[in-house]
Amino acid sequence: MRTTSLPTIWELLGEAAATLPEPFSRAALINWVSARRPDVGAASIASHIQFAADNAGGHASGLFADLTPLLHRVDRGRYLRYRPEGEQNRALEHPSSGRVVLIGSSGVTASTPRPAAELFESPGFVAARARAVRSGARWFVLSARHGLLHPDDVATPSDDLLGDHTLGYRIAWGEWVAAQLAERMWLTGVVVEVHGGVDFAQPLRQPLGRRGAGVEIPLPRMWEEEPDDSDRDTPADRGMEDDRSPARAAFGRLRELVVRHRPPEFDSGHDASAG
C-alpha cells in the first residue's frame, strides 16, 4: 500500500510516454521523472525504463510483469509509447517509404461532409492528390480547422484559411499537425512534402525538424507540368514531352537548391543509412 501522495516512478513514466514527442530518448524519460521526483536516483529510473519496455528484456520477468508495458524500444536509448497492436509499432519503426505527402488547399471546398480526399476541389489539390496516389507514398490532407486528416477521414467542409489566423494559432497548428503525424508514422529520416503553399509549410518546419524529418515545398504547378503516362500515346506527344524535359530538369535543380530544407541531423542520418 502506498503511504505517500507522490506519484510512483511507473506512473511518471506512463505520463512521460504519453506526452513526449516520439521517438523519445532514455535521457528525456529520466529528465521527465527526475523533475517531478527529485528524490529518486537516475539509476532507479533507468531500471524502471528497462522493466517498462515490452521488448527490452526486462518486462516479462521483472517486478512489473503483471502490468501493461509502457514503452517500446526502437533503438539504443530510443523509445515509442507502447501500443497493444504490435503491427502499429512495427509500422512506426519501419515506414514503407522515406517520403510522405501532405496536401492542403485554400481553394474551393465541397458543400457537404465527405472523406478528406474529396474535401477540396481546387485544381491544385486535385493534381497533387492524383500524383500522391500514383507515387505510392503515404499521404494526408491538411486542414486549417481539422489539422491532419487521413484521406478516408470524413470531415465537415470549412472556409477557414490558415493564413487568416494569428501567428499564435499557426504555430499551435503546426505543433498539432506534427504530433498527429508522429502518432501515425516514424518521422526520423522522412521527407515531408507539403503542398498548398507556405501558409501550410512554414508552421511545420520546426516541429517536424525537431522530430528528424525534412520538409520540401514543390514549386508552384510542379505536378501539373508533369505529363501523365496515359497521354504518351503518339509520336507527337512524345516529341512534346522531349521539348519540355529541359524545363522540368531545370525546375528540378531549382527545387533542390531553393526549396529543400532539412535539419543537419537529418542529413547526417540520411547519408549514414544510404551507405
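Visitor: What makes the pair of Ser143 and the backbone nitrogen of His146 a polar contact?

Guide: The distance is 3.0 Å, from a polar atom of the Ser143 side chain to the backbone nitrogen of His146. A polar contact is a pair of N or O atoms within 3.5 Å, where one must be able to donate a hydrogen and the other to accept it. So the pair qualifies. This is a predicted model: local features need pLDDT of at least 70, and side-chain atom pairs count only at pLDDT 80 or more. Residues are numbered from 1 along each chain, and hydrogens and water are left out.

Visitor: Why is Ser143 called buried?

Guide: Its relative accessibility is 5%. Buried means under 20% relative accessible area, exposed over 50% (1.4 Å probe, protein chains only). Therefore Ser143 counts as buried.

Visitor: How do you know that the buried residues of α2 line one face of the helix?

Guide: In α2 (residues 26–36), Leu29, Ile30, Trp32 and Val33 are buried. Seen down the axis, the buried residues fall within an arc of 160°, so they line one face. The arc is taken from the directions from the helix axis to the C-beta atoms. On the other side, Asn31 and Ala35 are exposed.

Visitor: Why is α1 called oblique to α2?

Guide: The axes of α1 (residues 9–19) and α2 cross at roughly 125°. Under 35 degrees is roughly parallel, over 145 roughly antiparallel, 65 to 115 roughly perpendicular, and the rest oblique. So α1 is oblique to α2. Contact here means heavy atoms within 4.5 Å. Among the residues making it are Leu12 and Ala16 of α1 and Leu29 and Trp32 of α2.

Methods:
Helices (H or I, at least four residues) and strands (E, at least two) are DSSP runs, numbered from the N terminus. Axes are lines fitted to C-alpha atoms, for helices over the stretch in contact, and angles run from 0 to 180 degrees between N-to-C directions.
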